[in-house]
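Hi,

Here is the structure I promised to pass on.

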Amino acid sequence: MEEVADLHGVPEGAYNIRADGEMAGRQTTANIDIITKKECAGIDIRIKPGTKNESVHIPVVLSKSGIKETVHNDFFIGDDCDVVIIAGCGISNCGQQDSQHDGIHRFYVGKNSKIKYVEKHYGEGDGLGKRIMNPVTEVYMEENSRVEMEMVQIRGVDSTERITKAQLKAGANLTVRERLLTHGTQNAVSSYEVELNGEDSSVDLVSRSVARDSSVQTFESKIAGNTKCSGHSECDAIIMDQAKIVAVPGLTANDVDAALIHEAAIGKIAGEQIVKLMTLGLTEEEAEEQIINGFLK
């Protein structure tokens, strides 16, 4: 819970805690309601118009080997809101069977609303079973809404396919900051698809990643500018050992006033950075860790 949701106890405000395939705790507020879906596993989170300075925590924890689940969570956010949503999944697998959590989150963001969404993934355990997470995030933004997304996966996830799609109306702004570290033989795919449909809509998508050992990363970004708009995507990656990184940018301008930019950089840690830190008393391994931690902040 601490790793995926920064929780040391029961959170304030609204929350829904899921553990090993079942609800382990829930709290609603006067402005935020959480309802269990009847047709499938998951919840509906309904936030009243005008709700400000409130938060929702929806962490998921798997601690039993062999659990595989798909959960659908839909967020209905009214107009003129300002809220923080903290999600995340942690898998502790010390068994022989694979454990897997696939979370499908859909956000319907009202006019003039501001949402901060934090999603963290973490895996641990010394068993032979894999830790698998496949998050899908869909964002539908009304006029002049703002969404800030922090997508983090630092350690312990053997396989992940992270799919994010967004559709923006006039004046809407989406900001995404992804941080990703893979090691061992892990495989990670990050795929973003953003449609800028409204005039003066904009997106700023930045991914920072580190691939170590024999891990493989693939970053895909597709931005479609369908009117007067602005879009920026950036992939900045450090490659180490025998790892592989693939960056696949995609920009489609369907309007003469669509301003779209993509940047990509993949490289190893500069030798002079390591030497400089070693002169301060660090070992080579400690210097590498310092550089990586600073890069992924």
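Which residues does Ile-34 touch, once those up to four places away in sequence are not counted? The list is Ala-14, Tyr-15, Asn-16, Arg-26, Gln-27, Thr-28, Ile-43, Asp-44 and Ile-45. Bear in mind that this is a predicted model. Ile-34 sits in strand S3, residues 32-36, and it counts as buried because its relative accessibility is 4%, under the 20% cut-off. As for Gln-217, 183 residues away along the chain, its C-alpha atom is 35 Å from that of Ile-34.

Now the overall picture. The chain has three helices and 20 strands. Along the principal axes, the C-alpha atoms fill a box of roughly 55 × 50 × 35 Å. Buried residues come to 49% of the chain. If you take contacts with a separation of 6 or more, 80% of them are between residues 24 or more positions apart.

On to the cores. The largest nonpolar core holds 39 residues, and within it Ile-77 and Leu-174 touch the most other members. Beyond four places in sequence, the contacts of Ile-77 include Ile-47, Ile-85, Phe-107 and Tyr-108. There is also a second, separate core of 11 residues, with Val-210, Ile-274, Ile-292 and Phe-295 among them. As background, nonpolar side chains in soluble globular proteins tend to be buried together.

Helix H3 is worth a click too. It covers residues 284-295, and its end C-alpha atoms lie 17 Å apart, in agreement with the 16 Å that 12 residues should span at 1.5 Å a residue. Ala-287, Glu-288, Ile-291, Ile-292 and Phe-295 are the buried residues in H3. Looking down the helix axis, they fall within an arc of 130 degrees, so they line one face of H3. What they pack against is strand S14 (173-182), strand S16 (201-211), S18 and helix H2 (271-278).

Strand S18, residues 229-239, is also where you'll find His-232. This histidine has a relative accessible area of 17%, so it is buried, the cut-off being under 20%. Its side chain makes a polar contact of 2.7 Å with the side chain of Glu-263. Apart from neighbours within four places in sequence, His-232 is in contact with Val-203, Asp-204, Leu-205, Val-206, Ile-223, Ile-261 and Glu-263.

Cheers

Definitions and conventions: Residues are numbered from 1 along each chain as its sequence is written. This is a predicted model: local features need pLDDT of at least 70, side-chain atom pairs count only at pLDDT 80 or more; totals for chains, interfaces and linings use all residues. Side-chain values use heavy atoms; hydrogens and water are left out. Helices (H or I, at least four residues) and strands (E, at least two) are DSSP runs, numbered from the N terminus. Buried means under 20% relative accessible area, exposed over 50%, partly exposed in between (1.4 Å probe, protein chains only). A polar contact is a pair of N or O atoms within 3.5 Å; within protein, one must be able to donate a hydrogen and the other to accept it, and residues adjacent in sequence count only if both atoms are side-chain atoms. Contact means heavy atoms within 4.5 Å. A nonpolar core is a set of buried Ala, Val, Leu, Ile, Met, Phe, Trp, Tyr and Cys residues joined through side-chain atoms within 4.5 Å. The expected span of a helix is 1.5 Å times one less than its number of residues. The arc is that of the directions from the helix axis to the C-beta atoms.
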